[in-house]
Amino acid sequence: MLVVDDHPLLREGIAAVLATQPDMRVQAEASEGAEAVALYARLRPDVVLMDLQMPGMDGISAIRAIREQDPAARIVVLTTYQGDVQALRALRAGAHGYLLKSMLRRELVDTIRTVHAGGRRVPAEVADSLAAHVADDGLSGREIDVLRQVAEGNANKRVARNLGISEETVKAHMKSILSKLGANDRTHAVTIAIKRGIMPL
């Protein structure tokens, strides 16, 4: 098992849980994506537990890099985010499991066993969120840029200046964002985007 997370206490906690299982052991730990990719190449662990938000190379990039080396790699995402967009990105990148850190104590061992056996495991609340938004028209890259600027507290005029576009274009993007997210106003749109993982904190 390779455990990848930038928090040492979480890695220690996982190692302690797995130490109670006679058929599991942690071969190595990494604190960021590039280190994980290098360790995977050297050790070829049966299962990788991968955080998404890390300094340097993030978890989704690391999942892609590991799957390029070994298309059969079995990867379980560990995250605090239950947003459907993050889950979808991780699953598209090649993850077989998606586990919220709040569920580690209850679900970790079963999830590892399921994924190791070739199955997939996604928590019900994440699966429900994925299903609820599967037909949604996603935000474009430019709309996400505009929403990021709004999240930083910028008015339309400043957003326009920062992105090198007209204020009318910013207004058109905001109208589209509100419609796509089903948001009442700018603040609501930012809240929805963070909750769904469209725009990381």
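Predicted model: local features only at pLDDT ≥ 70, side-chain atom pairs only at ≥ 80, totals over all residues.
**Stop 1**

Start by showing the strands; helices (H or I, at least four residues) and strands (E, at least two) are DSSP runs, numbered from the N terminus. Five strands make an open sheet in the order 2-1-3-4-5, with parallel pairing; two strands pair if DSSP finds at least two bridges between them. Strand 2 (28–30) and strand 5 are at the edges with a single partner strand each, so one side of each has no neighbour in the sheet. Neighbouring strands are turned by 20° against each other on average, direction ignored. Axes here are lines fitted to C-alpha atoms, for helices over the stretch in contact, and angles run from 0 to 180 degrees between N-to-C directions.

Now select residues 2–4 and 48–51: strand 1 and strand 3 pair in the parallel sense over three bridges. Leu2 has Val48 of strand 3 as its bridge partner.

**Stop 2**

Contact means heavy atoms within 4.5 Å.

Next, pick strand 4 (residues 75–79), joined to the parallel strand 5 by four bridges. Leu78 has Leu99 as its bridge partner in strand 5. Which residues of strand 5 are buried on each side? Gly97 and Leu99 are buried on one side, Tyr98 and Leu100 on the other; buried means under 20% relative accessible area (1.4 Å probe, protein chains only). Helix 5 (residues 104–116) lies across strand 3, strand 4 and strand 5, at about 175° to strand 5.

**Stop 3: helix 7 and its neighbours**

Jump to helix 7 (residues 141–151), whose buried residues include Ile144, Val146 and Leu147. The buried residues of helix 7 pack against helix 8 (156–163), helix 9 (167–181) and helix 10 (186–196). Just after helix 7, look for Gly153, with a positive phi of about 90°.

Finally, show helix 7 with helix 9: their axes come within 10 Å and cross at roughly 95°. The two are therefore roughly perpendicular, a label used for 65 to 115 degrees. Contact residues include Arg142 and Val150 of helix 7 and His173 and Leu181 of helix 9.

Methods
Residues numbered from 1 in each chain as written. Heavy atoms only, no water. Buried < 20%, exposed > 50% of the residue type's maximum accessible area, 1.4 Å probe, protein only. Parallel < 35°, antiparallel > 145°, perpendicular 65-115°, else oblique.
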